[in-house]
Amino acid sequence: SQQSNACQIFESQNLGLDWTNINGKSLPDTCSTAYIVSGVDKNTIFVAQPSPTPKANTTDIYQTLDGGKTWNKLPKSVPGTVVYLKAVDSTTIYAIN
């Protein structure tokens with residue numbers, strides 16, 4: 001699933017009867033431009049967020065392996081604004097801007 005312009009990420013495990021915020025404490029409080037849940041493991045999620053550096057025109061990619069409890073920024077930013085992410089597996093992702 002891909003969603004654009006999400007400021008918070010919520011998860012439902014019962015078809016929308018209940019929702020849990022899974023932003024976690026280590027994901028910056030910035031609106032995301034895209035996110036993707038890995039088709040291989042539902043606990044692996046990638047989120048694209050504009051870099052906080054003024055005029056950087058890059059997008060930071062964050063990954064969680066534990067369903068959103070903790071988030072880690074990937075080492076390098078992607079040029080431009082990422083609008084779509086595609087996760088092939090836990091290590092291969094495509095970022096489209």
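A residue is called buried when its relative accessible area is under 20%, exposed when it is over 50%, and partly exposed in between (1.4 Å probe, protein chains only). With a relative accessible area of 14%, S51 is therefore buried. This is a predicted model, in which local features need pLDDT of at least 70, side-chain atom pairs count only at pLDDT 80 or more, and totals for chains, interfaces and linings use all residues. Residues are numbered from 1 along each chain as its sequence is written, and side-chain values use heavy atoms, leaving out hydrogens and water.

**How confident is the model?**

- The predictor's confidence in each residue is called pLDDT and runs from 0 to 100; its mean over the chain is 79, and 91% of the residues reach 70 or more.
- Helices (H or I, at least four residues) and strands (E, at least two) are DSSP runs, numbered from the N terminus.
- Confidence is lowest in strand 3 (residues 34–37), with a mean of 74, and highest in strand 6 (residues 72–73), at 91.
- Over residues 1–6, pLDDT stays under 50.
- Where pLDDT is low, the predicted coordinates should not be read in detail.

- T64 belongs to strand 5 (residues 58–64) and is buried, because its relative accessible area is 0%.
- A polar contact is a pair of N or O atoms within 3.5 Å; within protein, one must be able to donate a hydrogen and the other to accept it, and residues adjacent in sequence count only if both atoms are side-chain atoms.
- The side chain of T64 reaches the backbone nitrogen of G68 at 2.9 Å, and a polar atom of that side chain lies 2.7 Å from the backbone oxygen of T70.
- Contact means heavy atoms within 4.5 Å; not counting residues up to four places away in sequence, T64 touches N43, T44, I45, K69, T70 and W71.
- S51 sits in the loop between strand 4 (45–50) and strand 5, and its side chain makes a polar contact of 2.9 Å with the side chain of D60.

**Two exposed loop residues**

- L65 is in the loop between strand 5 and strand 6, and it counts as exposed because its relative accessible area is 54%.
- Leaving aside neighbours within four places in sequence, L65 is in contact with N43 and T44.
- N57 is in the loop between strand 4 and strand 5, and its relative accessibility of 57% makes it exposed.
- The phi angle of N57 is near 50°, a positive value in a residue other than glycine.

**The nonpolar cores**

- A nonpolar core is a set of buried Ala, Val, Leu, Ile, Met, Phe, Trp, Tyr and Cys residues joined through side-chain atoms within 4.5 Å.
- The largest one has 9 residues: A34, I36, F46, A48, I61, V78, V82, L85 and A87.
- Strand 3, strand 4 and strand 8 (84–87) each give two or more residues to this core.
- A second, separate core has 8 residues, among them I9, V47, Y62 and W71.

- Two strands pair if DSSP finds at least two bridges between them; strand 8 and strand 9 (residues 93–96) pair in the antiparallel sense over 4 bridges.
- A hairpin through 5 residues joins strand 8 to strand 9, and L85 has A95 in strand 9 as its bridge partner.
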